[in-house]
Every structure is written in C-alpha cells, then in structure tokens.
Amino acid sequence: MERDESQAPEPGPGEAAPASGASDGDSSPETVAQPRGESLEAQLAKAQEEAIKFRDNWHRAEADFQNYKRRTEQERDESRKFANVSVIINLLPVLDDFERAFGSLDSRLAGLSWFDGIYLIYRKLQQLLENSGVTPIQTDGQAFDPRFHEAVAHAEGEEGKVISEVQRGYKLHDRVLRPAMVVVGKGSEKMTDDTGQTPEGGNGS
C-alpha cells in the first residue's frame, strides 16, 4: 500500500506538533509589537533642545571670531602707527639742537644764505615729523598735567600753571613720546593783607 504524501508526517519524540490553522508568513495585527523607547514628542523635544544648543554655540563662536578680527585689526593699526617710534625718539634731540642754535644766533644773521639753508633743513625735519603724526605738547599757560608735563622747578606765578618751558615735549598721535620739562607756578607770596597791614600788624608803608 502506497504512502499518502499529502498527509503531514507525525512528529517525532520531543517535537511539538504544528499548530493547526496557521501558515508561514501569516501574522495578525494583534501580534505586531509596539516600538520601545521614547515617544515621538520626547524625541522632537530633544532634537529641538540640541538644535538650540548648536545655534547658541555657533553664535558664540561667531562673536569670538568677530572680536578676534577686531583685535587683530587694532593691533595692526597700532603697529603701523608706531612702527617708527624708536627712530622718531632719536630724532628729537636733533630737533632740540636746531632750536637751541636758532635761539642763540644773532637776529642780524637772518637773511643770510647759509642761515636760510640751515633753517630750511630744520623746517624739513619738522615737516617730516608732523607727517608721521608727531605734535608738540602745549605748555604755556596750561594747567600742569603729569601725563604730559614734568616739573623741573617751581617759581612765583599762578599756582598749578605752567610758567615756562625748559624742554619741549612731543606726542606721537595720542601717545606721549617725551613729556615737556616745565617750570610750574607755586603761587605768589602776599606780603600784606587786604587792609594794607603786614602779617605782624604793622602798616604796609
């Protein structure tokens, strides 16, 4: 008698019998498992938080770069403005010598060719320094300012005011190259009071 191939083989020892009514690849909606982990709302909130963090970091990096660029430009400008400061400082004594020489010469020499030639050299040196940003420090009648003036003596005169200049000072743009040496007023000594009497009580005659 032939074996019917359409009949399923009987399970062997220890094997489970196939479930009736189920076929391979057949799954019902009730058997689909839900994804585990965070919900979509939580994932969206987390993504938004990270986006804000990245944006803030980008803004901070951009601000740092702009500050660095501005600082670099300022340093470049400073270097360009004060590149020749050592040369200029060494030229100031030459300018002083010219001025002392002109101050001691007889005025009757003015108009002579050699005098005019030397004065022309002096003016060219002055113009060269002015074009480089060098300006003299104002002194006469100015209030004494330790940032720009150096007091070498005190004399009778308006207190705290510059009376005379001993050596001219110079600035390079807004930086002091050499302070001006000046004589500062210390006030006038009053020998009589307003009534015309001396401090000892006598009259002023």
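This is a predicted model: local features need pLDDT of at least 70, side-chain atom pairs count only at pLDDT 80 or more; totals for chains, interfaces and linings use all residues.
Helix H3 covers residues 113-131, which makes 19 residues. From its first C-alpha to its last, H3 reaches 27 Å, close to the 27 Å expected at 1.5 Å a residue. Which residues of H3 are buried? They are Phe-115, Tyr-122, Leu-125, Gln-126 and Leu-129. Seen down the helix axis, the buried residues of H3 fall within an arc of 100°, so they line one face of the helix. Things look quite different on the other side of H3, where Ser-113, Lys-124 and Asn-131 are exposed. As for what the buried residues of H3 pack against, the partners are helix H2 (85-104) and strand E1 (134-136). After H3 comes Gly-133, and the phi of Gly-133 is positive, near 100°.

Now for the strand. Why is strand E6 (residues 180-185) described as largely enclosed by the rest of the structure? Five of its six residues are buried, and buried here means under 20% relative accessible area, so the strand is largely enclosed. Strand E6 also pairs with strand E2 (residues 149-155), in the parallel sense and over six bridges. In this pairing, Ala-153 stands opposite Val-183 in E6. Strand E3 (residues 162-167) pairs with E6 as well, but in the antiparallel sense and over four bridges. Here Gln-167 is the residue that stands opposite Met-181 in E6.

Note on methods. Residues are numbered from 1 along each chain as its sequence is written. Side-chain values use heavy atoms; hydrogens and water are left out. Buried means under 20% relative accessible area, exposed over 50%, partly exposed in between (1.4 Å probe, protein chains only). Helices (H or I, at least four residues) and strands (E, at least two) are DSSP runs, numbered from the N terminus. Two strands pair if DSSP finds at least two bridges between them. The expected span of a helix is 1.5 Å times one less than its number of residues. The arc is that of the directions from the helix axis to the C-beta atoms. Contact means heavy atoms within 4.5 Å.
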